[in-house]
Structures are given as structure tokens and as C-alpha cells.
Amino acid sequence: MEQRTLGRTGRQVGTVGLGAWQLGADWGQVTEDEAFATLGAAVDAGVTFIDTADVYGDGRSEQIVGRFAKGRPELTVATKMGRRLEQIPANYVMPNFRAWNERSRQNLGVDTLDLVQLHCPPTPVYSTDAVFDALDTLVAEQKIAAYGVSVETCEEALTAIARPGVASVQIILNAFRLKPLERVLPAARAAGVGIIARVPLASGLLSGRYDEHTTFGADDHRTYNRQGEAFDVGETFSGVDFRTGLEAVRRLAPVVPEGLTMAQFALRWILDQPGVSVVIPGARNASQATANAAAASAAPLPPATLEAVEAVYDDLIRPQVHDRW
């Protein structure tokens, strides 16, 4: 698999990673055997970057990833912190950082966390010097090797990129979310900040496997967060109305290159965007993990295909999401 530098971490990572939210919670039940099989298939296919968070299954995802990654120094494991308490700026202080990081180190079974990301914090946090001073202290103490941020908006991303210690920015980027291409990716390239592209398949919409009759379990965020009832609505279907997303996928289907699935096409589109370090699709089983990783070896998409994606976005998606994200 092609390797790229993950921003200011200096680490080389495979271009397709694995998002481990689904190994913890909010996507229906995934057994431990299924989780380990998924992780194993991903690594066998060349994945070297795994993204998790302390709140995924209240630590279950971190624990599973930690057990799997033990003795595999080639893996880079990123986690996230900040959503264990009420989302107010006053909670983003060193005592909480220490407590959250200690719990993550225990869950992952490591002395130093490879990469810790603020987990979509309140917007004022990005402009608070004390927050980043605290993170710098944790790096100096070798509690964390590097830090980054996971953001909801492009403006948050740009504020974070301007911080000299921020190694990476995790942002929603997919064929339904093109706004980061305008300013965020160019700014990150100029600053040497890594871009981790999350929600790459728009919560599965861009897999092409769903239709108007598809339903999801009661414990799946695609059921209970469609209007942002539990967390930011952009995390579910990228904030796109489900039926609108289905229509967009139907319009994109004719331009998918022969030999690629819709999901692989969607991942390849992200990898073709200058400045992307790694894309982190989730997978619930080994076959999905293997298929996702295969997108890294697909040929770059031709210009006409990239233009077709933009045309569908302009026609169907931009009116819904562009002003907000």
C-alpha cells in the first residue's frame, strides 16, 4: 500500500486506514471475534493506521485495538479525547487531559499514545492558548507523541492548522462533502499538517448498498441521530438527507470505473485529493476491511470522473450542507 507522511507526526502510514468506532458502539453489535477478524484482515491488506476514541463503547474499542496492536510496532494508533464530560470549554483543562489520557493508555496498553486528537470540541477551544500549552506539556512528558484535532467545520480546521503544535486534522471529507477542498486541504499542505479523512462513505451511503427500504437497528446512529439528536448531525450520512444521498449515489454509479465497487470508488476519490494523508473507513467484518484497503491500489480517477462528482455535489448536495460545513 502507498505510504504517506502523517503531517507533523513524521510517521509513515498506509493511505487507507481503519476507523474503529464500529468496534465499540453505535453501529449495532460487533462481537470481539468479529472485531479481531476485521483488524487482522485490514492489517493483512496493508493498513497501518487505526483510529479510535475513548468514548467508543466507553473504552471497548480502545481495549480491543490495544490488545490487537500489542507487539505490532508498525501500527500507528490514534485515539481521541474530550467527550467524556459535558461539551463546554471549561472542561478542556490539564487535569481532565491527564485523566483521559491515563485511561486511554491503560485501555491501549501503552506508555505513550501515538496520536491524541481533541474530539470535536466546542469551537472556542481551538482559540484557547492554555489548551494547546497543556497538550505541548503532555508531549514534553512523553505521555503523548503528538496531538491533533478532529473538527466539525472548515473554520475550526483552519484555526487548528495555524497552531504550530497541531500535527493532524481529522475532518469529514467525501463525495458529499467537498468544502474542505477549497481552503482546508491547501492550508494543511502549506503548513505540513496531516489530513485524516473521516466518514469517507457517508455512514455507508456511498457504499451503494442501501435503498429507500433499508432500515438500521435501534442501537445504530443511522437510526437515532438523523436530525442530530445525539451528536452533530454531520456525523450521520455527512448531514445529507438519506433520500438525497441515495439519488446522488444513483447519479454517480455510471462513472464508477470498471472493477471498482461504489465504496472503492468513493475512497479512491478521497485519495486523489492533494493533501490527504490517510482515509479511515470503518468496517464491521473482514471482507469489508479487505475491500476498503483495495482502493489504495486502484488507478487515480480521470479528470472527467472528478468533474462528474463535483457536478452531482453542486446539483444535489451543496444546497444542503455547504454553508454549514
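This is a predicted model: local features need pLDDT of at least 70, side-chain atom pairs count only at pLDDT 80 or more; totals for chains, interfaces and linings use all residues.
User: What makes Arg163 a buried residue, and where does Arg163 lie?

Analyst: Arg163 lies in the loop between helix 5 (154–161) and strand 8 (166–172). Its relative accessibility is 16%. Buried means under 20%, and Arg163 is therefore classed as buried.

User: How do you know that the side chain of Arg163 reaches the backbone oxygen of Tyr126?

Analyst: The distance between the side chain of Arg163 and that backbone oxygen is 3.4 Å.

User: Why is the pairing of Asp58 and Arg103 called a salt bridge?

Analyst: The N to O distance between the two side chains is 3.1 Å. The criterion is a side-chain nitrogen of Lys or Arg within 4 Å of a carboxyl oxygen of Asp or Glu, so the pair Asp58 and Arg103 qualifies at 3.1 Å. Asp58, Arg84 and Arg103 are linked in a network of salt bridges. By this rule the count comes to 19 salt bridges.

User: Are Asp58 and Arg103 buried or exposed, or which class in between applies?

Analyst: Both fall in between. Asp58 has a relative accessible area of 49%, and the value for Arg103 is 23%. Exposed means over 50% and buried means under 20%, so Asp58 is partly exposed and Arg103 is partly exposed as well.

User: What makes the salt bridge of Glu155 with Arg183 a link between separate parts of the chain?

Analyst: The closest N and O atoms of Glu155 and Arg183 are 2.8 Å apart, which lies within the 4 Å limit. Glu155 belongs to helix 5, whereas Arg183 is in the loop between strand 8 and helix 6 (184–191), so this pair ties together parts that are 28 residues apart in sequence. Glu155 is partly exposed at 47% relative accessibility, and Arg183 is partly exposed at 48%.

User: How do you know whether Asp220 and Arg222, which meet in a salt bridge, are buried or exposed?

Analyst: The side chains of Asp220 and Arg222 meet at 2.8 Å, N to O. The relative accessible area is 4% for Asp220 and 6% for Arg222. Since buried means under 20%, Asp220 is buried and Arg222 is buried.

User: What is the relative accessible area of His221, and which residues is His221 in contact with?

Analyst: His221 is found in helix 7 (residues 221–224). Its relative accessible area is 0%, so His221 is buried. Leaving aside neighbours within four places in sequence, His221 is in contact with residues among them Trp21, Asp26, Trp27 and Glu235.

User: Why is strand 9 described as largely enclosed by the rest of the structure?

Analyst: Five of the five residues of strand 9 (residues 194–198) are buried, and the strand is therefore largely enclosed. Gly194, Ile196 and Arg198 point one way, whereas Ile195 and Ala197 point the other way, and all are buried.

User: How do you know that strand 9 pairs with strand 8 and with strand 10 (residues 278–279)?

Analyst: Two strands pair if there are at least two bridges between them. Five bridges join strand 8 to strand 9, and these strands run parallel; Ser168 stands opposite Gly194. The chain crosses from strand 8 through helix 6 to strand 9 in a right-handed β-α-β crossover. Strand 9 and strand 10 pair in the parallel sense over two bridges, with Ile196 opposite Val278.

User: What makes strand 3 (18–19) and strand 10 the edges of the sheet?

Analyst: Eight strands form an open sheet in the order 3-4-5-6-7-8-9-10, with parallel pairing. Strand 3 and strand 10 each have a single partner strand, so one side of each is left without a neighbour in the sheet. Within the sheet, three bridges join strand 4 to strand 5 (residues 76–81), and the bridge partner of Ile50 in strand 5 is Val77.

Note on methods. Residues are numbered from 1 along each chain as its sequence is written. Side-chain values use heavy atoms; hydrogens and water are left out. Helices (H or I, at least four residues) and strands (E, at least two) are DSSP runs, numbered from the N terminus. Buried means under 20% relative accessible area, exposed over 50%, partly exposed in between (1.4 Å probe, protein chains only). A polar contact is a pair of N or O atoms within 3.5 Å; within protein, one must be able to donate a hydrogen and the other to accept it, and residues adjacent in sequence count only if both atoms are side-chain atoms. A crossover is right-handed if, with the strands pointing away from the viewer, the path from the first strand over the helix to the second runs clockwise. Contact means heavy atoms within 4.5 Å.
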